[in-house]
Structure formats: C-alpha cells, structure tokens
Amino acid sequence: MVGVPLARRTKKRPRPTRISAVLEYAAMGWPVVPGAYPLRNGPRACSCDRLGCPDPGSHPLSPAWSLQATTDPAQLTRWWQAEPEAGVILPTGRVFDVFDVPLAVGLSALTRIDTAEAHPGPVAARGDRVLFYVATRGNPEDEDEWWSCQLDCDPATIEDTPGLRWHCRDSYVLAPPSTLPNGQVTWLRPPDGRPLPDPLRVLEWLAD
C-alpha cells in the first residue's frame, strides 16, 4: 500500500483551551472573570451553589465579578488552573458594549453587513442569540445619553428591534469557548485587531 505523502496529510488543529482564550482576551485589554459552567452529571445543572439555578453556566461565579474582573495573566492563570471548565465572563461597558439579538435577526444583519462589505466587528453565537461587540460609550457626561442594562432588560427606546439587549455598564456576556447545556459559545467573526465598530452604525443594521 502506498503511503500518503506527509505534505498531503492533514492535521486537526487543536481546540483552544479556556485558559489560552482567556489570556488572549487579556492581551487585548479585555478584563475577564470566571463564570459558572453546566454540570453533565449529578442532580445539579450548574456548578454554582444555587439550587435550581435558572441559567446554568451563564453567569459569574462570584457576586463581586465586577470588581474581580482583570487582565492580569497571573491571576487569570490561577483561576483557570483551579477551575479549568469555568465559563469566560467579559464585563461590558469598559472596552466594548454588546448587542445581544435573537439568532434570526443576528444572522440576517450579519449577511447584510457582509454583502455591503462593511465591518461587523467581533460577532459570537450563544445558543439562540447572536452577540455583536461594538465600541463602548463608557461614561458619558449626559447620563440620559446612555443607560445601564441588566441581562433581562430591553431598551425602552428601541421599539423596532424586539428582543434586543444592549449590554453596557454593569452587565456582562459569556464569551467563547464557554460551554452551555446545549452547546458552546463560538465566534462567527473573531476579533481581528481592527477597531470596534460604532454602536449606532451596527444598530442601524440590526433595526433595518
């Protein structure tokens, strides 16, 4: 039997580990903090201490997550060595905000953005949701100009986009390669080093 030439053999690319992804985010200046993760066996669905957790594997491990989030590689390495399966939580409203939309809306908008050869910024898929990472407004002088979003809130001023969540200050998102009970959070468009897009421009695509 003739062997397959070495040059033609294909090697499977190793899947990124949690800690490698976490350290890449930190190197980009994105603070990270550990999250809970879904349990495959046993009576509990989530690694947190809450019985009957309503959102397994989709929230930070500590209520002090906002203060703990860091870009320090030594601290991040200690956390993920202790909990290798911990979810990857990224606070929003610091380096970026995130538009969180239903899957159909997100994929449709992404197709239109690609057709227009525009820059969508980093885009992730999380179950039946699509997450668009955009530039943050941070802390504007006019507080009425921006607002702080809880994870189950909808912007009252965005009536044309039902189901849209705007994660900014005091909020967070679950980032790749975190695990959900029904799959994994993945990048549709990974960060590529380019500046994040203007949120109002992306919002126009989502509301179109």
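Which side chain does a polar contact of 2.6 Å join to that of R129? The partner is D100. A polar contact here is a pair of N or O atoms within 3.5 Å; within protein, one must be able to donate a hydrogen and the other to accept it, and residues adjacent in sequence count only if both atoms are side-chain atoms.

Before going further, a word on the model: it is predicted, with local features needing pLDDT of at least 70 and side-chain atom pairs counting only at pLDDT 80 or more, while totals for chains, interfaces and linings use all residues. Residues are numbered from 1 along each chain as its sequence is written, and side-chain values use heavy atoms, leaving out hydrogens and water.

**Around R129**

R129 lies in strand β5, residues 129-135 (strands are DSSP runs of E, at least two residues, and helices are runs of H or I, at least four, numbered from the N terminus). R129 counts as buried because its relative accessibility is 10%, and buried means under 20% relative accessible area (1.4 Å probe, protein chains only).

| Partner of the R129 side chain | Distance |
|---|---|
| D100, side chain | 2.6 Å |

**The nonpolar cores**

A nonpolar core is a set of buried Ala, Val, Leu, Ile, Met, Phe, Trp, Tyr and Cys residues joined through side-chain atoms within 4.5 Å. The largest has 18 residues, and Y25, V32, W80, V88, L90 and Y133 touch the most other members. Strand β5 is one of the elements giving it two or more residues, while α1 provides the largest share, 4 residues. A second, separate core of 16 residues includes F132 and W166.

Note on methods. Buried means under 20% relative accessible area, exposed over 50%, partly exposed in between (1.4 Å probe, protein chains only).
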